[in-house]
Each structure stands twice: as C-alpha cells, then as structure tokens.
Amino acid sequence: MLLIFDLDGTLLNTLDDLAAAANYALSAAGFAPRTTAECCQFVGSGVTKLLERALPDGHKTPENIARLKTSFLAYYDAHLTDFTHPYTGIKDVLAALQARGIQLAVASNKYQRATSYLITHFFPQISFVSVLGQREGVPVKPHPHMVHAILAAANETPAHTLYVGDSDVDMQTAQNAGIKACGVTWGFRSRGVLAAYQPAYLIDDPRDMLHLVVKPHL
C-alpha cells in the first residue's frame, strides 16, 4: 500500500517562509508587499504561478515574473527553515505508517531542490520511496505525471494508493490520476474548497490517517 503526500500545507507549514521570499522579491523589484493571507491563496501551483499571482494587475509579464523568480529563489534557498515546521503530529503519524509497512512518497509543486532538502531536514528517519518536486520540462500538479512516476517507483497500483493533500490542486491531481483522495483541513485551503471535490476522506487531524489505512485495503 502507498500513501502519497503533498508537502506545503500537508506535511509542513511553509507559509511564512514562502510569504517572506515572495515579499523580498516584490520589494526588490519595486512592488508593494502582499499579506500572508494573500500569499496563502497564491501558493499551491509552484513558484512561477505564486509570483504571477503576487504581482499587481498590469504587471504580470513574463519579464517581471522571471525577475522576481531570480530574487525569490536566492532568498528562499537561504531561508527554507526560518519559520517552516511540521504540523503537529505529522512526524509521529509518518513513523507509525512506516512501522506498519506502508510505502510513503511526496509529490509537490515546490521546486525539486527545496522539496528534497525540506524532506531530508525535517523527516530524516522516514524512508520515502520517492520524493518528487517541480522539475524543468515535467508538468506540475494537477497533471497526474508525478503520481504516475511514484506509482511506478513504488510498484503499486492506483487501487492500493491514497493521495493526501490540502488543496483543490491536490484533489484534482488525485482525480486525474484515478486514485482516492484524502483532504486535510489544517493546511492552506478551507474544508469547503476540499469538500467540493468529494474526496474519499476529509480529516481534521493527522492522527486520523491511522484509522483510514489498513493493509492491504484502503
């Protein structure tokens, strides 16, 4: 059995560091900063889309996005863990799932370098079968490419896989990949947004995952 996790808003609360990096890039280019609440609505589809959404109307040009992206990446790479932290209970839940023999993986729209670093930094005791982030030339979620690659790496079937995420993008990803979804309400989107996609499960506490997962069936 396989559980595939989103990263930002699901395993880690990365919002403050993402907002700080976005505002650093905006300020460096002469644009007004955004609130953390605004940035919360901008995240979920990768850095390029985050910066496009953060730019004011009339300035969302490829040139401005590219300029902001250079500043964003330089800042974010140096401040990945300033405020970022696992959600309460996540470490224990991952350890318990691993102890049950459940395969674990990560599928994130965060760029690969940062995704890999954060997983290694915060979850060194967890042996993920695959950790995939955004890579050049590879479609991001909700395209199912990432999920299909993880299924192949894990040698697992969609029927025995559960996708866990906090956003509409995650729910769409699970639907596009033909696997069951578990929406989590502690992340960056509301219960209502998640419920609209009718996920198989909708949970409010990471420990609830332990009641959903029983080998070999979901």
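I call a residue buried when its relative accessible area is under 20%, exposed when it is over 50%, and partly exposed in between, using a 1.4 Å probe and protein chains only. The model is predicted, so I keep in mind that local features need pLDDT of at least 70 and side-chain atom pairs count only at pLDDT 80 or more, while totals for chains, interfaces and linings use all residues. Residues are numbered from 1 along each chain as its sequence is written, and side-chain values use heavy atoms, with hydrogens and water left out.

Entry on Leu7. I looked up Leu7 and found that it is buried, because its relative accessible area is 0%. Leu7 sits in the loop between strand 1 and strand 2 (12-13), where helices (H or I, at least four residues) and strands (E, at least two) are DSSP runs numbered from the N terminus. Taking contact as heavy atoms within 4.5 Å, I noted that Leu7 touches, leaving aside residues up to four places away in sequence, Leu12, Val106, Ala107, Ser108, Lys110, Thr115, Leu118 and Ile119.

Entry on strand 4. Eight of the nine residues of strand 4 (residues 103-111) are buried, so I record this strand as largely enclosed by the rest of the structure. I count two strands as paired if DSSP finds at least two bridges between them. Strand 4 runs parallel to strand 1 (residues 2-5), with four bridges joining them, and Ala105 is the bridge partner of Ile4. Four bridges also join strand 4 to strand 5 (residues 130-134), again in parallel, and here Ala105 stands opposite Ser130.

Entry on Ser130. Ser130 counts as buried because its relative accessibility is 12%, and its contacts, again without residues up to four places away in sequence, are Leu104, Ala105, Val106, Ile150 and Ala153.

Entry on helix 6. I listed Gln112, Ala114, Thr115, Leu118, Ile119 and Phe122 as the buried residues of helix 6. Seen down the helix axis, they fall within an arc of 165°, so they line one face of helix 6; the arc is that of the directions from the helix axis to the C-beta atoms. Arg113 and Thr120 are exposed on the other side of helix 6.
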